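Please find below a colleague's note on the model under review.

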Amino acid sequence: MERSIRSAHNESVQVVVRCRPISQKESDSGCTTVVNVFPSRGVIEVQNPNAKSENEKTKMFTYDAVYDMSSTQQSIYDETVRPLVASVLEGYNGCVFAYGQTGTGKTYTMEGVVGDKDEQGIIPRAFEQIWAHINRTTGLEFLVYARYLEIYMEDIRDLLKSKNTKPLELREMAGKGVFVSHLHSQTCQSAADMMKAMRIGNRNRTTGVTNMNEHSSRSHAIFQIAIEMAEEKSKSVRVGKLNLIDLAGSERQSKTGATGDRLKEASKINKALSSLGNVIYALAENSPHIPYRDSKLTRLLQDSLGGNSKTIMIANIGPASMNYDETIITLRYAYRAKSIKNQPIKNEDIKDAKLLELQREIERLKQLIAAKGDGKVVPDGIVLETTDEEMESDSEDEQEKEREKMLEAGKLEVDELNKKLRTLEKQMVHGGKNIVDSVNENEIKLEQQRAEIAARKKREIEMQQQIELEEETCMELKQVFANLQQQVEFKREKLKRLYTKLQSMRQEIKDNHDEYLRERQELVEANDEVSLQLRKSLMILENFVPPEERSRLIGLIQFDENSDNWVLKKEKRWLKPGDRPVARNYRRPISEYAIKKSAEPGFRYRGENVLDLKLDMPLRTTQDYIRPAICPQVKAAVKNVIRHDTESNRIVIKLSPHGFSMRGISKSELEGRYNKAARNTVEVHNNRIKPIPKSAKPAY
Ligand SMILES: Nc1ncnc2c1ncn2[C@@H]1O[C@H](COP(=O)(O)OP(=O)(O)OP(=O)(O)O)[C@@H](O)[C@H]1O
């Protein structure tokens, strides 16, 4: 899709934080509330329940807006999301995503209680706003479609299709950015249509139970809405796109009680979220490399973070003391995200919009119907008007019959075309259609008032933050000191305040440094593991793969941008006459016997790639050797015989005849070795080591 070339202005990602009420489970387990929210100043304060010093006690963060436990779904929507959806309706890209620890209210904020007017979340409210706008706007034609996908364990799934479909691929195209290929687009004609799509998708979404949340979202879910709009009969189309994202929760495995598959799932979730954190970090630091390619989530969010979208991040936190660490991590991420700058641009004059295609098809059908409808054209383009000569040659009756038959067929075709036209026209929505229903004076006034209040509140927070900042610098100037003592007192007070601030900043730097060290350690460990794997693979390649096969593989390997992975190209093999094809890289049962054989364990083809094979380990190893059990009586009898024989110097140790020649040890050398340990008590005779009777003299 082309984008208009317009000078874009920088706009920061808007970050808001919402703290949910303490849950019954948390208060039952004796947790206290450690989060204080100051909505009028946009400030969140968190008390460290395990603080060892005064400096560690309170942490303070400032955001664009903060919402406390009593905040309503309506206020969050009106104050933060409504202006963004209004921009999308003008042709901008918009993105709202909820981030936070598991069980902190991301799904509640994004979806809420579906069907409950007060409790419904951002997604259903956005549907209402979009359709209220369309129904009120006259003179515009709209084409609206929805897509719903989830990223589960790094696989992309279409939530509007049945659950067991193949994972979808990510693609990247110049001018179109990153997109998911073959994702189903559901055309919508009302908010109800969108709600239906959302319900279908939610039924297909992967959820599970964890210690922290009974209905935990185990995947990242993205609801995409595209709104194409054009003035009637105009060829200039604008497209607004909205991404509404409910991320899976960040979590500590120990807290969620994850084991087995759930643990694997959790580590994938954490990996994707940590790559999101890395992208946020790199953008905030203005790093030259932004690691978007590290996960599918970050690739899909590329436009929303540092791209051409207007973006709101909603960081969800819980107030309980037991979640202090996770809360701080979320607040830090959110704080970093504040400095990300996007360049939103209006998508205008889009040449490959579906709306244009639809308009063209409708126009074509209309022309076809008009041509067929006036009775001149029947199927296969036969012209019904007959010439005088023809009239003369055929009988009138026959001609009449023929004509009726053709007209009938023509009518059927026109009906079919009309049906098709109606279906296509239905997909396109003419703005202002339900103007009577939706233009309720009071409702519009109320909406305007809400928008005004929201804008005023935003201004107030900004002003308050500005005032607090300036207060520190201007206070001194404003103060008129009665005497020197007062001045000293004031300065001491100021110094104290600044010192506290300095201490808290030092602590924050220390915490950040500790976190950095921890992350670095994790990276080093991950790197070590990857290096080990690499070394192992290289070792196999160097020692077990013939050089010609190795260079063939190197020639075939290439990086696939779409799957973001290395793949083996298909090799073109030109067979010379008489050559027999050899199975490479795959098993190729060619006869019934081979098929039967291939089912047997250990069966292999000559041409198989050894890299794909697992080592056939022996069924038993020497380590597994279990001595045969000997009954104690037999053991005692054998011991007794040995003792008796040793005492009477009759023991003979039989040597393998190869022992000498293989090792090249001479008779005298062997005797020397044994006698060194056995104090001149053995002799070698006819390959046998014999103890020398105590009475006899050594032979040398
Ligand atoms: N602001 C709120 N007011 C009232 N209840 C809330 C609020 N936020 C969350 N809850 C309740 O907390 C519970 C967990 O919320 P939710 O499922 O939305 O969490 P989540 O962050 O989406 O979790 P996960 O990451 O595991 O999917 C739900 O029962 C929800 O109703």
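1. Basis of the note. This is a predicted model, in which local features need pLDDT of at least 70 and side-chain atom pairs count only at pLDDT 80 or more, while totals for chains, interfaces and linings use all residues. Residues are numbered from 1 along each chain as its sequence is written.

2. Helix 3 against helix 5. Helices here are DSSP runs of H or I with at least four residues, strands are E runs of at least two, and both are numbered from the N terminus. Axes are lines fitted to C-alpha atoms, for helices over the stretch in contact, with angles from 0 to 180 degrees between N-to-C directions.

3. From helix 3, Y77, V81, R82 and V85 meet I122, R125, A126, Q129 and I130 of helix 5 (contact: C-beta atoms, placed from the backbone, within 7 Å). By class, this contact has six nonpolar, one polar and two charged residues (nonpolar: Ala, Val, Leu, Ile, Met, Phe, Trp, Tyr, Cys and Pro; charged: Asp, Glu, Lys and Arg; polar: the others, Gly among them).

4. Helix 5 against helix 6. Helix 5 also packs with helix 6 (residues 191-204), at an angle of about 155° and with the axes 9 Å apart. That makes helix 5 roughly antiparallel to helix 6. In this contact I123, P124, F127, E128 and W131 of helix 5 meet A191, M194, M195 and M198 of helix 6. Eight of the contact residues are nonpolar, none is polar and one is charged.

5. Helix 16. Helix 16 is hardly covered, the count of buried residues being zero (buried: 20 or more other C-beta atoms within 10 Å; exposed: 12 or fewer; partly exposed: in between; C-beta atoms placed from the backbone).

6. L149. L149 is buried, with 24 other C-beta atoms within 10 Å. L149 and I222 are 73 residues apart in sequence, yet 5.4 Å apart in space, C-alpha to C-alpha.

Key
Contact = placed C-beta atoms within 7 Å. Parallel < 35°, antiparallel > 145°, perpendicular 65-115°, else oblique.
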